[in-house]
Amino acid sequence: MNSVIQKANRIIIKVGSSLVTNDGRGLDHAAIARWAAQIAGLRALGKQVVLVSSGAIAEGMLRLGFERRPTDIHELQACAAVGQMGLAQIYETSFRAHGLGTAQVLLTHADLADRERYLNARSTLTTLLRLGVVPIINENDTVVTDEIKFGDNDTLGALVANLIEADALIILTDQHGLYSADPRKDPNAKLIQQGRAGDPALEAMAGGAGSDIGRGGMLTKILAAKRAAKSGAHTIIAWGRDSDVLARLARGEAIGTELSAQTGHLTARKQWMADHLHTAGQVVLDAGAVQKLTLEGKSLLPIGVVDVKGEFGRGAVITCVAEDGRAVARGMSNYTSAEARRIMRKPSAEIEAILGFLEGPELVHRDNMVLV
Ligand SMILES: Nc1ncnc2c1ncn2[C@@H]1O[C@H](COP(=O)(O)OP(=O)(O)O)[C@@H](O)[C@H]1O
Ligand SMILES: N[C@@H](CCC(=O)OP(=O)(O)O)C(=O)O
């Protein structure tokens with residue numbers, strides 16, 4: 001038994017180019033229809049699912065008549081742009097058959113490195129999930145060059161798991177999981193059923209891509225598991241050609257390789273905040289707010305804030321201090337410093353009227369806060 005997917009509420013599923021395009025022979029309609037049916041099954045169990053799909057370049061190459069993967073970056077980008085139309089079309093049709101809508105989300109490295117865009121991407125994705133839509137993500141290959149690429153969608157899948165704090169990352173590929181050595185080269189290689197995400201011994205077992213279709217190979221999957229674990233997500237690497245793979249995982253069957261995260265996401269996020277030595281600014285709390293945070297485990301509401309120091313953006317880590325200057329907590333602000341100044345001392349019910357929008361009733365949510 002493996003209960004990771006049974007227990008997970010929010011799941012990222014990554015499908016590689018070789019699976020999506022039938023080893024470069026063209027979009028695999030039957031496989032995609034089966035994933036859509038199984039993802040509809042996961043949704044019916046109340047789980048939120050994001051699909052990260054590769055295959056745009058492989059499909060575009062076919063549509064444009066390239067026999068070999070082009071080396072010219074702009075030809076690759078052209079392939080991606082053409083192939084992405086095919087991906088969007090087939091996913092929309094396949095999910096629609098189960099009454100589910102899809103949304104295309106194309107991301108670049110710059111989108112996730114920039115705090116503002118990062119938060120926008122996060123809010124859009126969580127809104128799509130709340131609205132019952134299945135986001136289909138790929139790298140925005142048209143606008144990036146090799147130097148600024150994620151490069152492979154295993155990494156992108158892990159970054160999306162971090163972005164929306166998924167519970168699990170499922171990487172479907174053309175092997176049954178991680179083997180002790182590349183099974184294409186070593187017939188004695190054994191399937192590793194379980195491991196600890198981040199264990200360096202796993203990296204030594206993993207090799208590069210087994211074909212020209214896929215980009216990353218097993219190493220990027222192992223590194224993706226390590227990255228996903230930083231926000232508390234467990235990773236499962238499994239064989240995507242098993243027609244029932246997602247349903248089997250949802251039933252708790254122990255298939256593939258499970259790489260488990262050692263900390264839950266709340267702990268992971270709090271650790272990240274605790275490590276933030278340099279915070280962007282300060283908010284000064286009245287005695288009542290200090291008591292709410294330290295003794296009652298509550299969030300920080302703007303009404304308990306009497307002063308805002310420094311300039312900071314939305315999502316910045318700030319320090320909450322008592323009126324005597326003593327640091328009480330550290331946390332991520334839902335509002336910029338300028339907005340915080342306008343809503344301090346005010347009840348949360350007035351935030352929307354004052355600012356014209358509402359990011360949340362709290363200035364710093366409890367889940368995004370660590371006491372110091
Ligand atoms: N230790 C290993 N265990 C399993 N597969 C491995 C290993 N080392 C290298 N590989 C290769 O990684 C390939 C999967 O990566 P890749 O081709 O990038 O697939 P995808 O398109 O699904 O991302 C496998 O076909 C296999 O040849
Ligand atoms: N953005 C690229 C994905 C490249 C990639 O990571 O491929 P893979 O190793 O098959 O997941 C595409 O859609 O072709």
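Mentor: Two strands pair if DSSP finds at least two bridges between them; strands (E, at least two residues) and helices (H or I, at least four residues) are DSSP runs, numbered from the N terminus. This is a predicted model, in which local features need pLDDT of at least 70, side-chain atom pairs count only at pLDDT 80 or more, and totals for chains, interfaces and linings use all residues. Residues are numbered from 1 along each chain as its sequence is written, chains are lettered from A and ligands numbered from 1 in the order in which they are written, and side-chain values use heavy atoms, with hydrogens and water left out.

Trainee: Do strand 6 and strand 8 run parallel or antiparallel?

Mentor: Strand 6 covers residues 194-196 and is joined to strand 8 by 3 bridges. Within this pairing, Q194 has E258 as its bridge partner. The two strands run parallel.

Trainee: Which residue stands opposite E258 on the strand 7 side?

Mentor: Strand 7 (residues 234-239) also pairs with strand 8, over 3 bridges and in the antiparallel sense. The residue opposite E258 is I236.

Trainee: Are the residues of strand 8 buried or exposed?

Mentor: T257 and L259 point one way, E258 and S260 the other. With buried set at under 20% relative accessible area, exposed at over 50% and partly exposed in between (1.4 Å probe, protein chains only), all four are buried.

Trainee: Which strands stand at the edges of the open sheet?

Mentor: The sheet has 5 strands in the order 10-9-11-12-13, with mixed pairing. Strand 12 (residues 327-332) joins strand 13 antiparallel through 3 bridges, and there G331 stands opposite M369. Each edge strand has a single partner strand, so one side is left without a neighbour in the sheet; the edges are strand 10 (305-309) and strand 13 (369-371).

Trainee: How many polar residues does the contact of helix 3 with helix 5 have?

Mentor: Contact means heavy atoms within 4.5 Å, and here H29, I32, A33, W35, A36 and I39 of helix 3 (residues 29-44) meet I90, Y91, S94 and F95 of helix 5 (residues 73-96). Ala, Val, Leu, Ile, Met, Phe, Trp, Tyr, Cys and Pro count as nonpolar, Asp, Glu, Lys and Arg as charged, and the others, Gly among them, as polar. By class, there are 8 nonpolar, no charged and, for the polar residues, 2.

Trainee: At roughly what angle do the axes of helix 7 and helix 8 cross?

Mentor: Axes are lines fitted to C-alpha atoms, for helices over the stretch in contact, and angles run from 0 to 180 degrees between N-to-C directions. The axes of helix 7 (residues 115-130) and helix 8 (residues 153-163) come within 10 Å and cross at roughly 80°.
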